[in-house]
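Subject: Structure handover

Hello,

Please find the structure below. My notes on it come after.

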Amino acid sequence: MLAIETEGLSKDYQVGFWRPRPYRALHDLTLAVEQGDVYGFLGPNGAGKSTAIKLLMQLIYPTSGHARILGRPAGDVEVRRRIGFLPENPSFYDYLTAEELLTYFASLFDIPAAERAARVARVLDDVGLGAERRMRLRGYSKGMVQRVGLAQAILNDPDVVFFDEPMSGLDPLGRRDVRQLLLTLRDRGCTVFFSSHILSDAETLCNRVAIIAQGRLAAGGRLTDIVGVDVLGWELVVDASPEAIARVRTRARRVTVLHEQRHALDLPPESPEAVLQILTDAGARVVSLNPVRKTLEDFFVQHVTGAAPRGESR
Amino acid sequence: MSLAAIRKVAGAVFKESVRDRVPYSLVIFAVILMAASFLMSRLTAGQDLKVIKDLGLATMNAMGLLIAIFIGTGLVAKEVERRSIYAVLAKPVSRASFLVGKYAGLVLTLAVNLGLMTAAFYLMLQYLNWTTDDWIKQGWRAPSHDPRLLVAIALIGVQLMLTTAVALFFSTFSTSPMLSMLFTLAVWVAGHFSGDLRNIQTAIDSPAAAVLAQGLYYLLPNLDALDVKNEVVHGLPIAWNAVGLGVAATMAYIGVLIGSAVLVFNRRDFK
């Protein structure tokens, strides 16, 4: 059974006051997310990521197509017992404390009253809000509200979580904590579906990604297939005299002086051993040698810039 | 729809109102108004009890109406505006349970507020009873602690339940809280004049206008049937049959409004 599947999911909005016309925000989205995947749903701002997640949460209804979560129709109340959801830029009842909010949500999940306090305390500790649990949310910073959002999304020990821009509003420490949380969820067997436009996070965390642009699925697949193992070149850093560098200059695509005798050489993918040999014979000292591979960013840019314009619905 | 979920959502609405200063400031304002009516009654020899009862009931009605309209129209609109609805609707709660829970929570809030105002009202009447000479009391048409006052207050409660349902209905689709407030107030005002709509043909010549007025009479709630303040204050008999029928019709009207609100809310996109 797939954790998440969508087939031909599309969403039109009516735009214009006097002559309303449909505007297609999401076009024919078909996805299959396996259980246990950490699935990155990537795209630039306005690409349709949040629309797709709201369709999965049934906060909005599709114009066509359908979605299933854990084998049941999205929006099924019983499915919601097994999922967690963090909306983009979340907002909660600010007259409550984090502890009260989570206790209320725990009651909606029918978590037994005897368990609620311990469960709430545990998830608040997990997101680093243990000390502020009795503070009203109206006194929270944006990052703290984001952490409350994460806490309420994992309160029911979900099988699938949907995080819409989970890193939004977080400082570097917060982002590190969220990355750790996602990895913990993955290790527990939870399927993680998260949207982001921060590619480094996706590259660190995901095993599969989909790229959406202009409301259409532009590309997708396993991260290992996308970033590939093929070496596109080498980056060699050496301490060498100008004479030694002159001997290999024609073999390098580019040479950059970093500091006095320290140089960075951009070498083609062919074996760099010959260049290394010439340089060491000339008395150079190798500082580092790293392969250059295709990154997720290259893949992203390639597909996002090549995406068809969204246009109006037909 | 789940009763347990409705109860939990209603509890949250009640908690919000407990933490919100607006309803309580209105209750305090109502108590002050009732106290003022007590002072005014001292200036009206022999009419003091009637003045207190009249102003007390009118104040309860007005304050309840303000709470029902201001909070009722924001029940859904505020959730959508501040986007707190996203996280709640992703929980195992149907939209219908959420909406009915919201309604039940505000009705509970109104009931508690009405209860507090009733207690203050009875304390004032008790004080009047203590401080009034027996020969004056003999001139009262109804006792100071007339149990029929509770009937009048309960019927105010029924009117407020209906007003809350109207406010909730508008708030499920209106994007402007101000418009929702105006529409709700309009329904409340028209509901108190619906009896006049029924007999309008006796006052105007236009058959078309008469038909329109008749249609409006059947479309709008009849809040006039639930108003027994005059009978209670002046010690007149209450037409129990008409009141019973009015309550039944109002409950049915509330059912239709909540059902319609659920239908609209179930189809709504939260962008």
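This is a predicted model: local features need pLDDT of at least 70, side-chain atom pairs count only at pLDDT 80 or more; totals for chains, interfaces and linings use all residues.

Residues are numbered from 1 along each chain as its sequence is written, chains are lettered from A and ligands numbered from 1 in the order in which they are written, and side-chain values use heavy atoms, with hydrogens and water left out.

Domains

Chain A is assigned domain 1 (4-223 + 300-305) and domain 2 (231-293); such bounds come from an automatic or database domain assignment. The C-alpha centres of domain 1 and domain 2 of chain A are 45 Å apart.

Interface between chain A and chain B

On the chain A side, 29 residues are in contact with 27 residues of chain B (contact means heavy atoms within 4.5 Å). About 2,700 Å² is buried between chain A and chain B, and carbon and sulfur atoms give 58% of that area. Buried area here is the accessible area (1.4 Å probe) that two parts lose on being put together, summed over both. In chain A, the residues that lose the most area to chain B are Leu59(A), Tyr95(A) and Leu108(A), together 23% of what that side buries.

There are 20 residue pairs in polar contact between chain A and chain B, both residues at pLDDT 80 or more. A polar contact is a pair of N or O atoms within 3.5 Å; within protein, one must be able to donate a hydrogen and the other to accept it, and residues adjacent in sequence count only if both atoms are side-chain atoms. Strand S1 (4-15), helix H2 (77-80) and helix H3 (98-108) of chain A are the elements that give two or more residues to the side of chain A that touches chain B. Helices (H or I, at least four residues) and strands (E, at least two) are DSSP runs, numbered from the N terminus. H3(A) gives the most to that side, with 5 residues. The residues of the side of chain A that touches chain B divide into 16 nonpolar, 5 polar and 8 charged; Ala, Val, Leu, Ile, Met, Phe, Trp, Tyr, Cys and Pro count as nonpolar, Asp, Glu, Lys and Arg as charged, and the others, Gly among them, as polar.

The count between chain A and chain B is 3 salt bridges, a salt bridge being a side-chain nitrogen of Lys or Arg within 4 Å of a carboxyl oxygen of Asp or Glu. Arg19(B) and Glu100(A) meet in a salt bridge at 2.7 Å, N to O.

Helix H3 of chain A

Because 8 of the 11 residues of H3(A) are buried, this helix is largely enclosed by the rest of the structure. Buried means under 20% relative accessible area, exposed over 50%, and partly exposed in between (1.4 Å probe, protein chains only). Among the buried residues of H3(A) are Leu101(A), Tyr104(A), Phe105(A) and Leu108(A). The buried residues pack against helix H4 (113-126) and H5 of chain A, together with helix H1 (3-19) and helix H5 (85-89) of chain B. Asp110(A), which follows H3(A), has a positive phi, near 60°.

Salt bridges

Over all chains the count is 31 salt bridges. Glu99(A) pairs with Arg134(A), with the closest N and O atoms 2.9 Å apart. This pair links helix H3 of chain A to the loop between H4 and H5 of chain A, 35 residues apart. Glu99(A) is partly exposed at 21%, and Arg134(A) is exposed at 65%.

Arg175(A) and Asp201(A) form a salt bridge at 3.4 Å, N to O. Arg175(A) lies in helix H6 (residues 172-187) and Asp201(A) in helix H7 (residues 199-205) of chain A, so the pair ties together parts that are 26 residues apart in sequence. Asp201(A) is buried at 1%, whereas Arg175(A) is partly exposed at 24%.

A network of salt bridges links Glu115(A), Arg119(A), Arg122(A), Asp157(A) and Arg188(A).

Buried residues

Lys49(A), in helix H1 (residues 49-56) of chain A, counts as buried at 5% relative accessibility. A polar atom of its side chain lies 2.8 Å from the backbone oxygen of Gly43(A).

Ala153(A), in helix H5 (residues 142-153) of chain A, counts as buried at 0% relative accessibility. Leaving aside neighbours within four places in sequence, the residues in contact with Ala153(A) include Phe85(A), Val161(A) and Phe163(A).

Regards
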